[in-house]
Amino acid sequence: MKTIDKVIYTGHTRTTGGRNGVGASGDGALDVKLSTPGSGRPGTNPEQLFAVGWSACFIGAMGKAAARLQVKLPDDTAVDAEVDLGQTGDDYFLAARLKVSLPGLPQDTARQIVDLAHRTCPYSKATRGNIDVTIDLA
């Protein structure tokens, strides 16, 4: 396990009520109602929040990868993320699929960017070897 030499940012949140509660950041920028998937109640769920966080981080990592390859990342770059909550026996697991859209880039260049981003993105590092992950180009 790697240790952090320099902390760049620390997100502070407080959540109460679990999957049917609320979560907020210490700075007030995030304030969300939570609901269990499929409940029909207003609010988001941890899987959606994880998908958005990973997608945003992955786009940042692709920006760094593109710069390293001296390529401009398309303005309409997008990541569609799906995060599954599943069960095997009594145990719960996650699985994820990222579908990356890099319109206008040659397929081989896009693949290089995605592969490099997946090696450097902190979310990708955190999930590597822990959950089933598929990353495809749109």
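Hi everyone, let me start with a definition: a residue is buried under 20% relative accessible area, exposed over 50%, and partly exposed in between, using a 1.4 Å probe on protein chains only. What we have here is a predicted model, in which local features need pLDDT of at least 70 and side-chain atom pairs count only at pLDDT 80 or more, while totals for chains, interfaces and linings use all residues. Residues are numbered from 1 along each chain as its sequence is written, and side-chain values use heavy atoms, with hydrogens and water left out.

Now to the rings. Phe, Tyr and Trp rings (the six-membered one for Trp) pair if their centres lie within 6.5 Å; planes under 30 degrees apart are stacked, over 60 edge-to-face, and the rest tilted. That rule gives two aromatic pairs. In one of them, F50 and Y123 have ring centres 5.7 Å apart and planes at 50°, so this pair is tilted. F50 sits in helix α1 and Y123 in helix α3 (residues 122-127), so the pair ties together parts 73 residues apart in sequence. Helices here are DSSP runs of H or I with at least four residues, strands are E runs of at least two, and both are numbered from the N terminus. F50 is partly exposed at 25%, and Y123 is partly exposed too, at 30%.

On to the strands, which pair if DSSP finds at least two bridges between them. β4 (residues 78-88) runs antiparallel to β5 (residues 91-101), joined by eleven bridges. Their hairpin has two residues between the strands, and G89 takes a positive phi near 65° there. On its other partner, β5 runs parallel to β6 (residues 132-137), with six bridges. Look at V100 in β5: V79 stands opposite V100, and V100 also stands opposite L137 in β6.

Last stop, T77, in the loop between α1 (46-68) and β4. T77 is buried, at 14%. Setting aside neighbours within four places in sequence, T77 is in contact (heavy atoms within 4.5 Å) with I59, M62, S101 and L102.
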